[in-house]
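Here are some friendly notes to read alongside the model. Please keep the sequence and the 3D view open as you go through the points.

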Amino acid sequence: MATTTAAVTLTSDLLSDNMSVSATTTCMKAGTTADGLDQMEYGYVDVATGDEFDLIATTPTASKASKLYLKNHSTDETYYIAVTQNAQAIGRLYGGDWMFIPADFHDAAGDIAITANGGTNKICYALFHEGTALLQT
Amino acid sequence: MATTTATITLSSADLLTNVLDFSSTATLTGANNSTGLTHAVGLSRKKLASGHAQYTLFDGDQYANGSHKVYLKNTSTTASEHFTIEINSEQMGKLYAGDWAFFPWEANADTNDIKIDPSADDMVLEYMLFIDE
């Protein structure tokens, strides 16, 4: 099986003591510890202001354990992408920010979409998954 | 100003024919500015009561619209146990045993609550919210 690990470290001095939180996970298929996610898509795109795009051009199999990494490589702090799922706002990813979420694409409407604001945003994304259905033309 | 950083490292020796290894660090700042976030909730640890159906982790009504950041971790070691994460009743995904998530939260409406739904009794969630005030 493929073994892909995702590690996060959060550090801060906003408390009276320094804080450091770390976590590491191996990206597994849904409900198992025996088989890792074995497929991925990766992209780097410019997204013009005002346009909304579905981030993933294929449809990962619903209710699986897909993991989505998304980073805004813009360097202007006022640039951001609005991230939505099925038209529901998740949050704004400002220049330099990244996010990592489980995305189970529970049905055909569960697309994750991004809309650029402030200027042309440079977006990097990676989807680790266990199968997709290619969209028909 | 407080400085809070979030670093992710994604790596795999065998997913691709070449080694995958990349890392990214973000400094957590407010919306449209470079001022570091100065408030937080957590790090917290919550054991969901037996039979609990759904738990409102963060109430959209309690936070202003901003560049908040959410950290979640499922501490379970049982592979099938997961938390379903919802924002305003839209299902984002399932956080399986050992998995973590980190994402921006806009809280742009009172209804934009973050809720979690455990798949089994007595599951334990660790969580933290960095607040843009």
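1. A definition to begin with: two strands are taken to pair if DSSP finds at least two bridges between them. Helices (H or I, at least four residues) and strands (E, at least two) are DSSP runs, numbered from the N terminus. With that in hand, look at β6 of chain A (residues 67-72), which is joined to β11(A) by six bridges and runs antiparallel to β11(A). Within this pair, Asn72(A) sits opposite Ile123(A).

2. Some housekeeping before going further. This is a predicted model, in which local features need pLDDT of at least 70 and side-chain atom pairs count only at pLDDT 80 or more, while totals for chains, interfaces and linings use all residues. Residues are numbered from 1 along each chain as its sequence is written, and chains are lettered from A and ligands numbered from 1 in the order in which they are written.

3. On confidence, pLDDT is the predictor's own score for each residue, from 0 to 100. The average for chain A is 89, and 91% of the residues score at least 70. Within chain A, strand β5 (residues 59-60) has the lowest confidence, with a mean of 66, while strand β9 (residues 98-102) has the highest, at 97. Please keep β5(A) in mind as the lowest-scoring element of chain A.

4. Back to β11 of chain A (residues 121-129), which also joins β3 of chain A (residues 39-47) through nine bridges, again antiparallel. In this pairing Val45(A) stands opposite Ile123(A).

5. Which strands make up the open sheet, and in what order? There are four, arranged β2(A)-β1(A)-β1(B)-β2(B), with antiparallel pairing. Its edges are β2 (19-26) of chain A and β2 of chain B, each of which pairs on one side only.

6. The contact between the chains takes 51 residues from chain B and 48 residues from chain A, where two residues are in contact if their C-beta atoms, placed from the backbone, lie within 7 Å. On the chain B side, the elements giving two or more residues are β1 (4-12), β2 (20-27), β3 (39-47), β5 (68-74), β7 (90-96) and β8 (100-105). The largest share, nine residues, comes from β1(B). By class, this side has 23 nonpolar, 22 polar and six charged residues; Ala, Val, Leu, Ile, Met, Phe, Trp, Tyr, Cys and Pro count as nonpolar, Asp, Glu, Lys and Arg as charged, and the others, Gly among them, as polar.

7. A residue is called buried if 20 or more other C-beta atoms lie within 10 Å of its own, exposed if 12 or fewer, and partly exposed in between, with C-beta atoms placed from the backbone. A nonpolar core is a set of buried Ala, Val, Leu, Ile, Met, Phe, Trp, Tyr and Cys residues joined through C-beta atoms within 7 Å. The largest core has 70 residues, of which Phe100(A), Leu72(B), Ala101(B) and Phe102(B) touch the most other members. Leaving aside neighbours within four places in sequence, Ala101(B) is in contact with Phe100(A), Ile101(A), Pro102(A), Leu72(B), Ile85(B) and Leu95(B).

8. As for chain B overall, it has zero helices and ten strands. Buried residues account for 44% of its 133 residues. Of the contacts in chain B with a separation of 6 or more, 72% are between residues 24 or more positions apart.

9. Finally, some backbone spots to check. The peptide bond from Gly42(B) to Leu43(B) is cis, with omega near 15°, and Leu43(B) lies in strand β3 of chain B. Two residues other than glycine have positive phi: Asn86(A), near 55°, and Ser89(B), near 70°. Asn86(A) is in the loop between β7 (80-85) and β8 (88-94) of chain A and is partly exposed, with 16 other C-beta atoms within 10 Å. Ser89(B) is in the loop between β6 (82-87) and β7 of chain B and is exposed, with 10 such atoms within 10 Å.
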